[in-house]
Amino acid sequence: MGIAPLLLLAQAFVWGARGGAAERPEVLCAGDACYTLHRGKLAWSGAQERCESNGGNLATIRSSEEAERVQELLGRSQAGAGWQGKVWIGLSLEKGKCVQAHDPLRGFAWAAGGEKTNYSAWLAEPHTTCLSHRCASLQPAGPSSPAGWADGPCRTPLPGYVCKFSFQGMCGPLPLAGPGAVTYRTPFGVESEQLAAAPFGTLAQVTCGAGGLAEQRFALCKERLPAGGFAWHPRGPLCAAGCAHRNGGCQQECLEEGPGAPPRCACRAGYALAADLVSCEPVDGCRPNPCEGPCRGLPGGGFECSCPAGYGLAPDGRRCLDVDECLGQPCHQECRNTAGSFACACRPGYEPEAPGSSRCRDVDECAGGGGGGCPQLCLNVPGSFLCACRPGYQRDALRDACVDVDECLRAPCPGACLNVPGSFRCSCPPGFEPGPDGVACHTTSPPATPRSSRPPATTAERSTGSPVSPAGATQQPAPTEAAGREGQHAADGPRLLLYYILGSLVAILLLVAFALALLVYRRRRAKKEKQQAKSAADDYRWVPEQAESRAAGGEFSRANGAIPAAIITQCSISPSPAALPSSRRAAGRAGALIKTRARAPRHDRDFPTPPPPPPPPPAMRRLPLPLLPLLLAAAAGAGAGLPPPSGTQCIEHDCFSVFWLPGPFAGASAACEERGGHLMTVRSTVAEDAIALLVQNRRGSLWLGLRLAQACTEPAERLRGFQWVTGDRSTDYENWRQGQQRCRQRCVTVAQDLRWEERRCDAAADGFLCEFNYADTCPKLSPAAGLAVTYTTPFGARDSDFLALPPGSAAHVAALGLELRCAEPGDGGGARWGREAPGAWPCELANGGCEAACGTEQGRPACLCPAGKRLGADGRSCASPCADAPCQHHCVPNGATFLCMCDSGYELAADGSSCRDVDDCATKPGICDQDCVNTEGGFRCQCHQGYEMVDGHCRFQSHCYETSCKHKCEDVPGGYRCSCFEGYAVHPHEPTQCVLHCNQSECPAECDPHALDSCECPDGFIFDDRGGGLKFCVDIDECDMNFCSHNCTNHPGSYTCHCYAGYKLVDRNQCAKIGEEEEETYSGDLEPGPETPIPTWTPPKAGHLHPGVLVGITVGLLSMLLVLLALVYHLTKKRCRSPTAMDYKCNSSTEKDVGLHQVTSGCTSSNQKL
């Protein structure tokens, strides 16, 4: 016997031993996987363990084809009737992860892992939760319902589950040449007589014949075929009994070669024997391959060509042509077509966002250590970078360097200027000192030395690169100007000073007289009131002290005159400090004297006044003294705070806590608000899951944040008319018990079964549920093995197993002696763990709190930042030096610091951060052809009138192309001017037209050369044909026609009328007599001219205010102010003088316990209770 048969027998023995206890579930194999349907009530985790023990997982259904295979498997069960009921599949949601509505799998994940797909078959939306472990089951298709997925608790047992086993390949059914039966034993321990495909490693047990002649044979699916897949070994056909039985197991033809020899299979023309030596396959028309690309054989020996990706089939059906993918613009910037594909490229200065990405991002050339090769500063711009120089330097393009700017060439200093590298120093003239900016000079006190001695010049260096103009410099005036101004006021100074001093004294005297008159009036009034006053004894009476009242039972009686001090203070006028001693002094007295009549108290100067006691709170002024200790005790008890919650669950940005403290709704709501939250709102199943985890198996009712917002409930509404304590009614969830309409004040509790129940708000529940909302939370720390972390929340919860921690929470690591705090979200992002002390903590705990890398320096943990960033003030965050820079325009990192830069057209101001506009028109002469207008950050060139801007230059603009001058046109500034040929003049009313003109008594006539009889003459001329071709225009003498009423002067083509003396021309020809008032103005033909007014008074020149005037004004104002202050002080002292109490000496021990209290009555009537 050979080795192969021995191996098969050994395999058969092993599988036979297992087959005795082998499970007989339904199995279906197709493609590269097998699916099995198992019976047995198990929870999801138990079913997954069963599948894993056999080398598989609960079934994954990633496509519609897989869903059809599983449905086919379920349809084979129950003797073909189909499976009834749900079965587990390998889809689950871990505890702490939330349902995601936008995800096809809704946040669930397959137990076998792998990438997610877009296929899903939910019958209904999963239960919205974040706190419970949810698993998916498969519901088979029913008569009227489709198949699909449903979620549920993973602990719930289901009657079945589906496993999936993946393999590298399959073998087909084992062919038999004679009578026999095949039993397949799969590698995952399932036996079956019917398998359309057997996975790799399947053992086939073949029984040839029947009865006592039966023969056992074995085959193993293990042989790999060259074309892919697997084949049986031995290949078969087995149970050969001749071609007469089942055609020898052959698909087409069976050949018997001789007696005793096994039959052989063959195929008809056009087909070839397959690898199993039983079946026949069509002849492959692709051998040899007639295609340039892949070839697929067709029945009958045909073929079909195809092309790989990136190519298209040519019209001949055989060749492949390259497809230009760049036509579809698949790249972000540049696309280069290649053979069968394309390559995306980025323009210079850009790089791919990720390896193989088609998107491009800007390369920060300045981020490297070389700074882009710039001599000083590097400024990154999209696609490139710019080199710049520090303030006080300028770029030398020829040498590619930054050279010092000689700021002194611009004369920035009022005195001497010294250029230094990157800056300059100013020196001030004698008698001046440098200002705060280092440029401007300010005057100092006049030097006491003679003119011949000069003090050394004071210098100041500018620390910034761009000096400002010395607008603040005060230059020393010329000696002649100073002498002129002093001489101008020399005569007026003493006189003006005397006037202002006298005026101030008069004002002071008036104020003093007024004050004296007011004082005399008040003294007379006080004397009159003093005569009417009674003795001080009438204003006081003996009453028991508070200690006696409390000893008598705490009641105060009107009969004995005892009035509590707390009630006395209800009057509008407060008692004097002496009338109400402090509580410590009052405890040792036996009584008090209380003033009963509202009179002006006497001021006793013999006894000192004790300090006033602090006033009681407004709420306590209306309470009897016996209640004060009770209130203080209650306040002390309230300050002790609530006990910690019995349980807490935090989900994303919300935390829920349970307090098992009996009480009414109002007390529960106040307790939650004291902790910074409110009673719990249950708007979804997520909150329901939180309640289930918090309540667990404890019985009792807990207050929810629902209260009735109207008179009666409305059972038809979702919230029945109730309203959340947050003031809204929005919800996606409700879980009411059956109830009827009820009225009056109602609130809601929840019990162990999660049902909501209405209850009176003043009734006591067993506890309450609080909700705390936050903008962000810190994640649970992931410490190294062996480090235990305990968390404490701001509302008192303490545990080591929180999914999220709200801001203000503390994390205690006892092994490291470390306490961390969850900080509030800041400008840089969300909440994160930190501590008050700067620097990193041990790196094994949450990366030491470092934003970047965590390492060690000198044996201590330290945070490290990448190049171009600096460590923040907390020693853990990383930020660019420009993150908080005050630069107005641009910020350029300069190692660990930064430098500010300005846009073109600006320069850095003296503060080194703001930018100011540069007057380009002043600093760059001749930058424009004609006019230059400075603008913010630039300039604008303008042209003079008659010019236009063309390509940045002013070009003369001729208007004659646009005009309709009849003869000639001439350009003039701002327009044009029409002119005429000789013998013509411009029309007086139409400047573009020309008319005939003659300035002599006769001129040649203007005749048409083609029609000599057609001639024209100017107005005021007459045509004269003298024969012989001589034709003239002769002037008409209008004076001979008596057009004028007085005198007349003839002109060529016109005339002028004149009037006698005493007459004026009223129109062109007539004269009229003028009146007497006009005779002096008009005289004949003369017209009056304008008169020039002669000034009668010359206004004085504006001068400077003399120092004496200022001194006088100042003295007067100060004197008036002092008098006013004295008057106010006197009046205030007279009005606010407080009375004092009278203390009496006591001769007996009983009198020593009695005191006198002076009380000013502020009540409006005698019947009002004090």
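Predicted model: local features only at pLDDT ≥ 70, side-chain atom pairs only at ≥ 80, totals over all residues.
Residues are numbered from 1 along each chain as its sequence is written, and side-chain values use heavy atoms, with hydrogens and water left out.

Back to the question. The link of C1059 and C1071 is left-handed, with -85 degrees about the S-S bond. C1059 sits in the loop between β76 (1054-1058) and β77 (1063-1065), while C1071 is in strand β78 (residues 1071-1073). They are twelve residues apart, and the pair links distant parts of the chain. Strands here are DSSP runs of E, at least two residues, numbered from the N terminus. The two sulfur atoms are 1.8 Å apart. A disulfide is a pair of cysteine sulfur atoms within 2.5 Å. C1059 is buried, at a relative accessible area of 5%. C1071 is buried too, at 15%. Buried means under 20% relative accessible area, exposed over 50%, and partly exposed in between, using a 1.4 Å probe and protein chains only.

The structure holds 42 disulfides. Here is another: C965 and C978, with sulfur atoms 1.7 Å apart. The torsion about their S-S bond is about -65 degrees, so this disulfide is left-handed. C965 lies in the loop between β65 (953-956) and β66 (968-972), and C978 in strand β67 (residues 975-979), so the pair ties together parts 13 residues apart in sequence. Both C965 and C978 are buried.

Now the rings. The structure holds 19 aromatic pairs. Rings of Phe, Tyr and Trp (its six-membered ring) pair if their centres lie within 6.5 Å; planes under 30 degrees apart are stacked, over 60 edge-to-face, and the rest tilted. Take Y733 and W756. They are edge-to-face, 5.9 Å centre to centre, with 75 degrees between the planes. Y733 is in the loop between β43 (722-724) and β44 (746-750) and W756 is in strand β45 (residues 756-760), so the pair ties together parts 23 residues apart in sequence. Both Y733 and W756 are buried. Elsewhere, F108, W110, Y119, W122 and W149 form one aromatic cluster.

What sits over the ring of Y1055? The charged end of R1068, 4.2 Å from the ring centre. For this, NZ of Lys or CZ of Arg must be within 6 Å of the ring centre and within 35 degrees of the ring normal.

Next, the inside. The largest nonpolar core has 36 residues. W88, Y161 and W232 are among those with the most contacts inside it. Strand β8 (residues 158-166) gives the most to this core, with four residues. A nonpolar core is a set of buried Ala, Val, Leu, Ile, Met, Phe, Trp, Tyr and Cys residues joined through side-chain atoms within 4.5 Å. A second, separate core of 35 residues includes C672, L679, V725 and F768.

Last stop: E1002, in strand β70 (residues 1002-1004). E1002 is partly exposed, at a relative accessible area of 31%. Its side chain makes a polar contact with the side chain of R1026, at 2.5 Å. A polar contact is a pair of N or O atoms within 3.5 Å; within protein, one must be able to donate a hydrogen and the other to accept it, and residues adjacent in sequence count only if both atoms are side-chain atoms.
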